[in-house]
Amino acid sequence: MWEVDQALERVTEYAQLGPGRWRASFNGFVTVSTEAGSPNDCQ
């Protein structure tokens, strides 16, 4: 499972949208994004 976590981390981009707002985007064989209060919450 560690290898999967490492692979996902390499293709995930984090962007701060404003105070307390973050977006994580996964661009691999599918494209998925989520927004939350911190990068850890996006995971």
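In this predicted model, three strands line up as an open sheet in the order E1-E2-E3, and their pairing is antiparallel. E1 and E3 sit at the edges, so to speak: each of them pairs on one side only. Ignoring direction, neighbouring strands of the sheet are turned by 20° against each other on average.

Here is how the strands pair up:

| Pair | Sense | Bridges | Residues facing each other |
|---|---|---|---|
| E1 and E2 | antiparallel | 6 bridges | Tyr14 opposite Ala24 in E2 |
| E2 and E3 | antiparallel | 6 bridges | Arg23 opposite Glu35 in E3 |

What does Gly20 do in the hairpin of E1 and E2? That hairpin has 2 residues between the strands, and Gly20 takes a positive phi near 70° there.

A handy thing to keep in mind while you look at the sheet: in a regular strand, side chains alternate between its two faces.

Now for the pocket. The largest one has a volume of about 240 Å³. Which elements each supply at least two residues of its lining? They are helix H1 (2-10) and the strands E1 (12-18), E2 (21-27) and E3 (31-36). The residues lining the largest pocket include Asp5, Leu8 and Glu9, as well as Phe26, Val32 and Thr34. Sorted by class, the lining has 6 nonpolar, 4 polar and 2 charged residues.

Terms used. Residues are numbered from 1 along each chain as its sequence is written. This is a predicted model: local features need pLDDT of at least 70, side-chain atom pairs count only at pLDDT 80 or more; totals for chains, interfaces and linings use all residues. Side-chain values use heavy atoms; hydrogens and water are left out. On a 1 Å grid over the protein atoms alone, a cavity is a set of points where a 1.4 Å probe fits but cannot get out, and a pocket is an open set with protein on both sides within 12 Å along at least five of seven lines; lining residues have an atom within 4 Å of a point. Grid points are joined across faces, edges and corners, and a volume is the space filled by probe spheres set on the points. Helices (H or I, at least four residues) and strands (E, at least two) are DSSP runs, numbered from the N terminus. Ala, Val, Leu, Ile, Met, Phe, Trp, Tyr, Cys and Pro count as nonpolar, Asp, Glu, Lys and Arg as charged, and the others, Gly among them, as polar. Two strands pair if DSSP finds at least two bridges between them. Axes are lines fitted to C-alpha atoms, for helices over the stretch in contact, and angles run from 0 to 180 degrees between N-to-C directions.
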